[in-house]
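Dear colleague,

I am passing on a structure that you have not worked with before, and I would be glad if you opened it alongside this message. The notes that follow it go through what was found, one region at a time.

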Number of protein chains: 2
Amino acid sequence: MADASWIGCAKSLKGVVLDMCGVLYDSGEGDGVVIPGSVEAVKRLRASDLKLRFCTNETQATREKFVDKLQRLGFDISVPEVFSPPPAVVAVLKERSLRPHLLVYDGVLPEFDFVDKTNPNCVVIGDAAENFSYQNMNEAFRVLIGLEKPVLFSLGQGKYYKETDGLKLDVGVYMKALEYACDLKAEVIGKPSPVFFQSVLNDMGLQPYEALMIGDDLVNDVGGAQHCGMKGVQVRTGKYRLSDESHPTVTADGTVDNLAQAVDMILNQRGH
Amino acid sequence: MADASWIGCAKSLKGVVLDMCGVLYDSGEGDGVVIPGSVEAVKRLRASDLKLRFCTNETQATREKFVDKLQRLGFDISVPEVFSPPPAVVAVLKERSLRPHLLVYDGVLPEFDFVDKTNPNCVVIGDAAENFSYQNMNEAFRVLIGLEKPVLFSLGQGKYYKETDGLKLDVGVYMKALEYACDLKAEVIGKPSPVFFQSVLNDMGLQPYEALMIGDDLVNDVGGAQHCGMKGVQVRTGKYRLSDESHPTVTADGTVDNLAQAVDMILNQRGH
């Protein structure tokens, strides 16, 4: 049975932001697997008067490739609706005239095609997976330790994620490693950074209290959105764990079985 | 000019503990390179009435292989005088009936030959260097996250060290990574753990105030020894940096140019 106290806000809602992996689909071999009911739920949201955006910490592919995959899975999604860390960090690099040394997954490199990477004066790490070799970590470390004022950007701060062949360490773990090695604090680009959620709200033209975030990651999706003034609802799919419902610092505004149930509740409340 | 205020304690000293890498020799290709004057300094200490032990966080080789190398470099050192983390962790594992999953350098594996490693209920990481691959980190992580009460032993907590081809990340960096991934605190075996220094003192039959530690690592050698009640002197060789002399939390009892100078000062003060 879903906790229904959060649903009181549904009538005044003007927009919904959806996390992608663990809410729309589960990643794994090939394109991964759709979470039952999610394709239909996105369709129903789109047919409603609610604004809709997607917000992911995915950093293994360009947004174009990523949206291609979601479309193959049956989702009606377009690139400009999707917010991910790589374009966000590219904007920050440009604004601050920084030239990155990249430690990222090969598939996301095209996002940095037009970024000056000569004579680097900062490091950007993403979910690099197999590229997190000892050699590549040493290289990133040497760039940082050689800078007078080392700057490290981390595309997210996730601990791990689940693929069909098991749990995999996420970028946050390697961020902590470099933070300790160089005695610095990384700048996190992506969820749960309030700046990142605010950029989504700006694009929707909404105030935080007018928008609801739905995600499977209690800290990064729900906590991040709440920190920004939005409501946050957790789904019991993806990386959800029973212990999330008694987390010491983050309490979701609501917990639902899956996206389909959340959308049902929201639209019913609004009289659709 | 060396600060000489620490030397007041030299007359009451009964033992000296020496760090090895950065004090006796610099590591690198092959056996590495002797630090000038160190072979002679060890000889002079051995000819004195002071007890002598060696204390290293070296975890890339067995003590036997490591002492072989030091002997080839000209040092008069034997295995029972050398304290390193692998035998220390083996003793802890035995005492607590723990079966480790090992993420260590291949060269140190023989230290664990007689340890039961089936169905692991803890993880031991050392300075694994190239073995710190993404795949091996995932494996260690999966063992930890699968345990009801995960236990992680880290053989030291160093940030990085210098080899002839550049700076290399040390075990502490990967310890921090796994701590964050699993929400736990590692148990550090080796310097700067007071338990480790105490085991050296026990072997010498000395009280902390009767012994002096000489090392190049301000936090792990000097700070660790001081935390245990010993005096700690830093040499300006190895990983010494000028900024160590104004470190926010650790102040050496003295700073000397190298081991030869420290031994000169101690023995002169004692009237040798």
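Predicted model: local features only at pLDDT ≥ 70, side-chain atom pairs only at ≥ 80, totals over all residues.

I begin with a proline: B:Pro192 lies in the loop between β11 and α6 of chain B, where helices (H or I, at least four residues) and strands (E, at least two) are DSSP runs, numbered from the N terminus.

Residues are numbered from 1 along each chain as its sequence is written, chains are lettered from A and ligands numbered from 1 in the order in which they are written, and side-chain values use heavy atoms, with hydrogens and water left out.

The two chains

Chain A is superposed on chain B by a rotation of 180 degrees with 0.0 Å of shift along its axis, at an RMSD of 0.1 Å (copies are superposed by least squares on the C-alpha atoms of residues with pLDDT of at least 70 in both). That is the relation of a two-fold axis. Because 100% of the interface residues of chain A are also interface residues in chain B, the copies meet through the same surface; contact here means heavy atoms within 4.5 Å.

The sheets of chain B

One open sheet has 6 strands in the order β5-β4-β1-β12-β13-β14, with parallel pairing (two strands pair if DSSP finds at least two bridges between them). At its edges stand β5 (82-83) and β14 (254-256) of chain B, each with a single partner strand, so one side of each is left without a neighbour in the sheet. Strand β4 (residues 51-55) of chain B is joined to β5(B) by 2 bridges, the two running parallel, and the bridge partner of B:Phe54 in β5(B) is B:Val82. Helix α6 (residues 194-204) of chain B lies across β1 (15-18), β4, β5 and β12 (211-215) of chain B, running at about 150 degrees to β4(B); axes are lines fitted to C-alpha atoms, for helices over the stretch in contact, and angles run from 0 to 180 degrees between N-to-C directions.

A further open sheet of chain B has 4 strands in the order β6-β7-β8-β11, again with parallel pairing. Its edge strands are β6 (100-103) and β11 (187-189) of chain B, each of which pairs on one side only, and the twist averages 25 degrees from one strand to the next. Between β6(B) and strand β7 (residues 122-125) of chain B, which run parallel, there are 4 bridges, and B:Pro100 has B:Cys122 in β7(B) as its bridge partner. Helix α3 (residues 85-95) of chain B packs on this sheet, touching β6, β7, β8 (152-155) and β11 of chain B, and its direction makes about 160 degrees with that of β8(B). Also packed on the sheet is α4(B), which touches β6, β7 and β8 of chain B and whose direction makes about 160 degrees with that of β6(B).

Elsewhere in chain B, strands β9 (residues 160-163) and β10 (residues 166-169) run antiparallel and are joined by 4 bridges, with B:Glu163 standing opposite B:Gly166 in β10(B). A hairpin through 2 residues joins β9(B) to β10(B).

A helix pair

Helix α4 (residues 134-145) and helix α5 (residues 171-182) of chain B pack at an angle of about 45 degrees, with their axes 10 Å apart. That makes α4(B) oblique to α5(B), since angles under 35 degrees count as roughly parallel, over 145 as roughly antiparallel, 65 to 115 as roughly perpendicular and the rest as oblique. The contact is made by B:Met137, B:Ala140, B:Phe141, B:Leu144 and B:Ile145 of α4(B) and by B:Tyr174, B:Ala177, B:Leu178, B:Ala181 and B:Cys182 of α5(B).
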